[in-house]
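Trainee: I have a model open and I'd like to learn how to read it. Could you walk me through it?

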Amino acid sequence: MTQQQVAEQIWHYLTSRGWTKQSVSALLGNMQSESEIIADSWESGLIGNMSGGYGLVQWTPATKYINWAQSNGLVYQDVISQCKRLEWEVANSQQFYNPNMTFAQFTKSTQSPEALADIFIRYYERPFNPNQPAREIQARYWFELLKGNNNDDGSNKKNKGDLEMFIAKCTGGDINQYVKDGTFVLFNLSRGVYSVLNGQGQVDAVTEGHQLSTGQSLTKGSMNYAVITNLIYGSKLDYRG
């Protein structure tokens, strides 16, 4: 399955079990950095290293999750098995340690995807450096992509006019220190990635290529992404399908 198909599977399962769209988006934003949303993912690619991380959220050591899954008759590589582990952690107050919020409260929260992504990395993943704004951007991406996805089969049916990608100019801050002032950035929401465009010529080329392939004009508009607007001031262009 593609990354998006796995994300849709997680989205459909957890939202049907009472998680809010915001909390699942925050989870997906973190999973993207932890495992690229690949269920059978071993830390550093070291397959079978039970002392390292494993799975969508990189349980460490891997035995923490794998032993639990096997003892419950679950296939540990399965996406839904890992979602069930998350449900077990919620029910048993495991892994998520926040003095101001329980894991159950997190799953019901309607705070922004960005705020919840930051909470999840700080109080669930707990890495040495929790200041990773890319996870917040990724959470917003999944929220915008999947928020209208309530189909029983978990499929994602985009409506005409849904945002697919946009180009913005960075005039302050950075994205994990890759984007410098004045650099144009292409955010591709259909693939979940962004590219650095180092010059107006590249921006014009991307714009022209889009117009030639679709026959559509580009519309200018302001973007309402809370985290992105903290990093990037002034949208350059946005593409609408």
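**Reading the helices and loops**

Mentor: Let's begin with Ser44, which counts as exposed at 67% relative accessibility. Buried is under 20% relative accessible area, exposed is over 50%, and partly exposed lies in between, using a 1.4 Å probe and protein chains only. Keep in mind that this is a predicted model, where local features need pLDDT of at least 70, side-chain atom pairs count only at pLDDT 80 or more, and totals for chains, interfaces and linings use all residues. Residues are numbered from 1 along each chain as its sequence is written, and side-chain values use heavy atoms, with hydrogens and water left out.

Trainee: What is the phi of Ser44, and where does Ser44 sit?

Mentor: Phi is positive there, about 60°, although Ser44 is not a glycine. Ser44 belongs to the loop between α2 and α3. Helices (H or I, at least four residues) and strands (E, at least two) are DSSP runs, numbered from the N terminus. Arg126 also has a positive phi, about 55°, without being a glycine. You'll find Arg126 in the loop between α6 (113–125) and α7 (133–146), and at 39% relative accessibility it is partly exposed.

Trainee: Which residues does a cis peptide bond join?

Mentor: Thr60 and Pro61, with omega about -5°. Pro61 is in the loop between α2 (21–35) and α3 (62–71).

Trainee: How do I check the span of α7?

Mentor: The expected span of a helix is 1.5 Å times one less than its number of residues. For the 14 residues of α7 that should give 20 Å, and its end C-alpha atoms are 20 Å apart, which agrees.

Trainee: How many residues of α7 are buried?

Mentor: 12 of the 14, so α7 is largely enclosed by the rest of the structure. Among the buried ones are Ile137, Tyr141, Trp142 and Leu145.

Trainee: What describes two packed helices?

Mentor: The angle between their axes and the distance between the axes. Axes are lines fitted to C-alpha atoms, for helices over the stretch in contact, and angles run from 0 to 180 degrees between N-to-C directions. Here the axes of α2 and α7 come within 7 Å and cross at roughly 130°. The two are therefore oblique to each other; under 35 degrees counts as roughly parallel, over 145 as roughly antiparallel, 65 to 115 as roughly perpendicular and the rest as oblique.

Trainee: Which residues of α2 and α7 meet?

Mentor: From α2 they include Gln22, Ser25, Ala26 and Gly29, and from α7 they include Gln138, Tyr141, Phe143 and Leu146. The residues of that contact divide into 7 nonpolar, 7 polar and 3 charged. Ala, Val, Leu, Ile, Met, Phe, Trp, Tyr, Cys and Pro count as nonpolar, Asp, Glu, Lys and Arg as charged, and the others, Gly among them, as polar.

Trainee: Is Gln22 buried or exposed?

Mentor: Buried, with a relative accessible area of 16%. Leaving aside neighbours within four places in sequence, Gln22 is in contact (heavy atoms within 4.5 Å) with Ser109, Thr110, Gln111, Pro113, Leu116 and Phe143.

Trainee: How do the axes of α6 and α7 cross?

Mentor: They come within 8 Å and cross at roughly 130°. That makes α6 oblique to α7. The contact includes Ala117 and Ile121 of α6, with Ala139 and Phe143 among those of α7. By class, it has 5 nonpolar, no polar and 6 charged residues.
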